[in-house]
Amino acid sequence: MLQNRDFRNSIQETELIEMQKVRVRRDRPNGITWAFALAVTMLFVYLATLAIPEKDAEPVGAQITRGIQLEPVSAAFVSLGAYPDALNARVAAAEFMQRGAAGFVLMHEGKYHVLGAAYQDLASAKFQADALSTREKLPAAAFTIGEDGAKIRVTAPEFAVNAIANAESALRIQLGQLGAIADRLDRNQITASQARTLAAVAHSELHRAETALESTAGNALCQTLCANLIAIEFSLQSIQSLETAAEISGRLRFSQIQGLLGEIELLKSVNSSAK
């Protein structure tokens with residue numbers, strides 16, 4: 001049996017115009033003088049307005065073109081088992097998730113792998129896989145999936161370009177946070193209640209980015225990024241109904257893996273279209 005504490009404890013670790021006084025004659029001017037003075041004044045005012053260049057009004061939603069750098073994504077995963085069919089993999093995944101693992105099912109190299117956790121480097125993932133193989137007698141293994149970065153040029157209203165860049169940045173940041181929250185929970189540095197609160201904060205940040213992105217009515221890139229955000233939000237929302245630390249940790253890791261793989265697929269799509 002995969003022990004909760006063993007699996008979770010093995011995880012490692014971030015705004016006068018000064019007025020001129022004019023001396024007025026004491027003699028009271030007659031009506032013609034007043035009329036002439038008024039006419040001259042009005043003429044000067046009119047000429048002055050002609051001398052001021054009119055600023056071109058910037059149309060609402062004016063298009064701009066900006067380059068956005070999408071950084072590469074690579075993650076090392078611990079597989080708790082590989083199955084020939086999806087059904088058996090999902091049954092095993094549900095059991096593993098109850099014990100603190102992600103329980104994410106991924107088709108990789110012809111088999112359905114049940115992923116337990118994601119790491120930044122292969123060495124860390126392999127260390128965990130070896131420990132699980134020895135201690136739990138599991139056919140655990142480690143492998144890396146990633147995709148090169150890409151630079152895209154986006155022509156859209158400025159608010160839309162900003163929404164894309166901000167959503168991408170928010171997603172990368174929060175994916176890192178999810179793993180960190182799970183690590184702290186596994187080490188008993190925070191309680192289950194605190195982990196739920198932190199998950200709600202992450203959900204709020206991602207939802208803010210997704211809402212801004214939806215308002216752009218953007219292209220396929222926007223739609224793919226938006227779909228990834230929504231999927232993670234849905235996964236995080238379910239944490240509020242979970243009771244045990246193991247279940248919460250598993251769901252946090254599931255959400256992180258889901259987001260990482262979504263980012264990798266987005267990069268693959270961008271790079272493929274660029275060829």
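Q: Hi! Phenylalanine 143: buried or exposed?
A: Phenylalanine 143 is buried, at 11% relative accessibility. Buried stands for under 20% relative accessible area, exposed for over 50%, and partly exposed for what falls in between, with a 1.4 Å probe and protein chains only. This is a predicted model, where local features need pLDDT of at least 70, side-chain atom pairs count only at pLDDT 80 or more, and totals for chains, interfaces and linings use all residues. Residues are numbered from 1 along each chain as its sequence is written, and side-chain values use heavy atoms, with hydrogens and water left out.

Q: Nice. How many aromatic pairs does the structure hold?
A: Two. Rings of Phe, Tyr and Trp (its six-membered ring) pair if their centres lie within 6.5 Å; planes under 30 degrees apart are stacked, over 60 edge-to-face, and the rest tilted. Phenylalanine 77 and phenylalanine 143 make a tilted pair, because their planes stand at 45°, with the centres 6.3 Å apart.

Q: Which strands do phenylalanine 77 and phenylalanine 143 lie in?
A: Phenylalanine 77 is in strand 2 and phenylalanine 143 in strand 5, so the pair ties together parts 66 residues apart in sequence. Strands (E, at least two residues) and helices (H or I, at least four) are DSSP runs, numbered from the N terminus. Phenylalanine 77 is buried too, with a relative accessible area of 0%.

Q: And what about phenylalanine 104 and phenylalanine 254?
A: They form a tilted pair, 5.0 Å centre to centre with 50° between the planes. Phenylalanine 104 belongs to strand 3 and phenylalanine 254 to helix 8, so this pair links parts 150 residues apart in sequence. Phenylalanine 104 is buried at 14% relative accessible area, and phenylalanine 254 is buried at 16%.

Q: Which charged end sits over the ring of phenylalanine 254?
A: That of arginine 251, 4.8 Å from the ring centre. The criterion is NZ of Lys or CZ of Arg within 6 Å of the ring centre and within 35 degrees of the ring normal.

Q: Switching topic: what order do the strands of the open sheet have?
A: The four strands run 3-4-2-5, with antiparallel pairing. Two strands pair if DSSP finds at least two bridges between them. Strand 3 (104-108) and strand 5 (141-147) are at the edges with a single partner strand each, so one side of each has no neighbour in the sheet.

Q: Where does helix 8 pack?
A: Helix 8 (residues 245-274) packs on the sheet and touches strand 2, strand 3, strand 4 and strand 5. Contact is heavy atoms within 4.5 Å.

Terms used:
Axes fitted to C-alpha atoms, helices over the stretch in contact; angles between N-to-C directions.
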